[in-house]
Structure formats: structure tokens, C-alpha cells
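Me: I would like a close look at one part of this model and its surroundings. Please take it step by step, in plain words.

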Amino acid sequence: MKKLGCIIVDDEPVARRILHEFVDQVPFMHLQGKFENAMKAETFLGNNDTDIMFLDIEMPKVSGLQLLQTIDKKPLVILTTAFPQYALEGYELEVIDYLLKPIAFNRFMKAVQKAKEYKQMQQATSVSQASSSWLFVKSDKRIEKIELNDILYAETLGNYIIIHLQNKKIIAYLTLKSLESQLPANEFIKIHQSYLVNCSRINAIEGNDVKINETSLPISRNYRDMVMNVVYQRLLKR
């Protein structure tokens, strides 16, 4: 496995230096950049790929949580903050871990190890996707097999997601991001922070809504360009 690239986003010079020192001690990681505000980090992410972002929450002008709500292609996010009250909101934005300052190195290692294992799982899943048209999800005390073509869309429900199939719904204890990582890209796309849809099941797009059977789902401003790019790739023209 190649080294995991990471960036540090924190307005405190001491915090950036400590995290930099921690990253330098991890053999499977390399630092791609350090940014003192969210705007510079957003510019970098718009032009570059990275695996992990260490993100402070309390920053001037644009907070870390506001940054997460505006970027389309998110790396794995490890929040770094002195304020524990943000933990729940951070997990709702599908962060991989949450580190409280002052950060101990052993706790830092637990977080990056979790990120490493998640990336390995993503890579293993992407290999199996090439020959697989189904997946398994855990729902309550059952493990359900789902045919990918049966999925209409999925939506978040607190710490759960609801997977809407042709003839039923499945409630699973996982994040939308983890489901998305196991599905073929460009066939299943996010249209909103809370919705992931099967492109082949879209009946129409009207204004800022996607129509799937009798259901209308909103396209958020942050995802509209990506949705329309997928649509235009298959749009018949004169």
C-alpha cells in the first residue's frame, strides 16, 4: 500500500507544528501541505487529491465544519479541536475520528490507524466491485444481501441509513460515506449530503429535484455540478 497523503488545517501555529511532527513519525504517511485557514485548504482540495485531512473546527471566518459542508470530494477527515461539544456534529458529517487537544501521540496513532484500515477496506472493495453486482449489509440482527440494481436511493437517518429498494427498505447502522465507498462510482452518486441515488433509477430531473418513481429528492448546490456532469455524459443531442 502506498503512503497516505495528508494535509493539516489549523489556525494555530503550535498545533500545526505538533501534528507535522506526529505525521513525520508515521512510516505510512506523508504530509502534502499545512494551511492556517479553511479557504487555503479548499483551494488545495479543489486541485489536488489527499487521503486524510486533519481539520481544526474553531477557525476565523470559515470554521472546519463549514469547510466540510462546502467541499464536494472529501478526504477522510480527522477533526482536531479543544471543544468536545462538537463531537456529535462532526460525526454527522461522516468524519473518521475526533481528536481532543492537547493531542497525545498514542491517541493520534489510533486515529491514523483507523484511517489506514478504512482506506485498505476501500481498496479491497473496489477490486471486488469489478466482478460483483451485490453486497451485504447488517440490519438489526440480520445480514441482508442487496442486489445493486435493486437500490433506488439511500438516505441518512441519524447514525443509520435507510436503503430504499424496489420492494422494501433496509435500515443499516453505517454511514452514507461507507455505503458510497462500496458502490461503483458514476453509477451511484451523491445529490445531497443526505442522499445517494442510483443513476439508472432516476426518472427525471426537474429544477433542483431528482425524481425516482413517485419520490422527489433535492439536489444541493454543492452537488449540482457533479450530478449534471453525469447527466450530460449520457444526454442525447441533435
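This is a predicted model: local features need pLDDT of at least 70, side-chain atom pairs count only at pLDDT 80 or more; totals for chains, interfaces and linings use all residues.

Reply: A polar contact is a pair of N or O atoms within 3.5 Å. The backbone nitrogen of Glu12 lies 2.9 Å from a polar atom of the Asp10 side chain. The Asp10 side chain also makes a polar contact of 2.7 Å with the side chain of Lys101.

Where does Asp10 lie? Asp10 is in the loop between strand S1, residues 4–9, and helix H1, residues 13–24. Is Asp10 buried or exposed? The relative accessible area of Asp10 is 0%, and buried means under 20%, so Asp10 counts as buried. Leaving aside residues up to four places away in sequence, Asp10 touches Ala15, Arg16, Phe35, Glu36, Asp56, Met59, Thr80 and Lys101.

S1 is part of an open sheet of 5 strands, in the order S2-S1-S3-S4-S5, with parallel pairing. Strand S2 (29–35) and strand S5 (97–100) stand at the edges of this sheet; each has a single partner strand, so one side of each has no neighbour in the sheet. From one strand to the next, the twist averages 20°. Strands of a sheet pair through backbone hydrogen bonds, either parallel or antiparallel. Strand S4, residues 76–81, pairs with S5 in the parallel sense over 4 bridges. In this pair, Thr81 stands opposite Leu100 in S5.

An open sheet of 3 strands has the order S13-S14-S15, and its pairing is antiparallel. Its edges are strand S13 (204–206) and strand S15 (215–218), each with a single partner strand, so one side of each is left without a neighbour in the sheet. Neighbouring strands here are turned by 30° against each other on average, direction ignored. S13 pairs with strand S14, residues 209–212, in the antiparallel sense over 3 bridges. Glu206 stands opposite Asp209 in S14.

To return to the part in question: Asp10 is buried, lies in the loop between S1 and H1, and has a side chain in polar contact with that of Lys101.

Note on methods:
Residues are numbered from 1 along each chain as its sequence is written. Side-chain values use heavy atoms; hydrogens and water are left out. Helices (H or I, at least four residues) and strands (E, at least two) are DSSP runs, numbered from the N terminus. Buried means under 20% relative accessible area, exposed over 50%, partly exposed in between (1.4 Å probe, protein chains only). A polar contact is a pair of N or O atoms within 3.5 Å; within protein, one must be able to donate a hydrogen and the other to accept it, and residues adjacent in sequence count only if both atoms are side-chain atoms. Contact means heavy atoms within 4.5 Å. Two strands pair if DSSP finds at least two bridges between them. Axes are lines fitted to C-alpha atoms, for helices over the stretch in contact, and angles run from 0 to 180 degrees between N-to-C directions.
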